[in-house]
Amino acid sequence: MKHRFFAIVLVLVLSSCASTPDLDYYTLDMSSSGKARTDFNLEVARFAVSERIDRTQIVIQSSPTRIDYYAKDRWASGVGEMVERKLAAEFGPVVEDRRSLIVSGRVIALDQVDSPSGPRALAKLEVEVRDGAAKGYETPLLVKTYEASRAAETDSVDAVVQALSRVVEEIAAEIAVDAAGL
């Protein structure tokens, strides 16, 4: 009798594991918009990530004081890595014999923000720009926080991720403009 009870419990536990929902994975659009090209190199170094977005779930700021996460929608890779790759795509390939500046920093937000008019995409990056020949401990040429937001075209996760791609493109263009003055 004991063995039959444990067998039933085992079957119930295993069947509950088999009913996990299918997950959907997303990444930023890694194609270049062409808006951040310069006559010098902007090389992308490491971007750290704030703790609240250092996870695979996509963040939803559902109110000014509440953070939620999508239940089955996930980032395909780390947020810092995606932002690094997107910025590198925006800045373009490194060209020999050009001045190089190194762009690094921290991703503060890569979120969906719920608003009365619908979901908005929000990206916020703390950025440091250093001379490519400088040592890592030397004072950066530029330290600035960039933030961009835009409405998603629909309420879908796809639309939010597309809008997030666009706001990172906007930030890349602002970085390029600021770096041109260094």
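Contact means heavy atoms within 4.5 Å. Helices (H or I, at least four residues) and strands (E, at least two) are DSSP runs, numbered from the N terminus. Buried means under 20% relative accessible area, exposed over 50%, and partly exposed in between (1.4 Å probe, protein chains only).

This is a predicted model: local features need pLDDT of at least 70, side-chain atom pairs count only at pLDDT 80 or more, and totals for chains, interfaces and linings use all residues. Residues are numbered from 1 along each chain as its sequence is written, and side-chain values use heavy atoms, with hydrogens and water left out.

**Helix α2**

Start with α2. This helix has 13 residues. From first C-alpha to last it reaches 18 Å, close to the 18 Å expected at 1.5 Å a residue. That expected span is 1.5 Å times one less than the number of residues. Its buried residues include Val-79, Met-82, Val-83, Lys-86 and Glu-90. The buried residues of α2 pack against β1 (24-26), β2, β4, β5, β6 and α3. After α2 comes Gly-92, with a positive phi near 85 degrees.

**The nonpolar core**

A nonpolar core is a set of buried Ala, Val, Leu, Ile, Met, Phe, Trp, Tyr and Cys residues joined through side-chain atoms within 4.5 Å. The largest one here has 43 residues. Trp-75 and Leu-110 have the most contacts inside it. Among the elements that give two or more residues to this core are β2 (41-49), β4 (66-75), α2 (79-91) and β5 (100-115). The largest share, 13 residues, comes from α3.

Which residues touch Leu-110, leaving aside its neighbours within four places in sequence? Its contacts include Trp-75, Val-79, Met-82, Val-83 and Leu-164.

**Salt bridges**

Side chains of opposite charge can pair when their charged atoms come close. A salt bridge is a side-chain nitrogen of Lys or Arg within 4 Å of a carboxyl oxygen of Asp or Glu. The count comes to 13 salt bridges. Three of them follow.

| Pair | N to O distance |
|---|---|
| Asp-68 and Arg-66 | 3.0 Å |
| Glu-147 and Lys-124 | 4.0 Å |
| Asp-178 and Lys-144 | 2.9 Å |

Asp-178 lies in helix α3 (residues 157-180) and Lys-144 in strand β7, so this pair ties together parts 34 residues apart in sequence. Asp-178 is partly exposed, at 25% relative accessibility. Lys-144 is partly exposed too, at 33%. Salt bridges that share partners also join Asp-29, Lys-86, Glu-90, Arg-166 and Glu-169 into one network. Lys-86 and Glu-90 are among the buried residues of α2.
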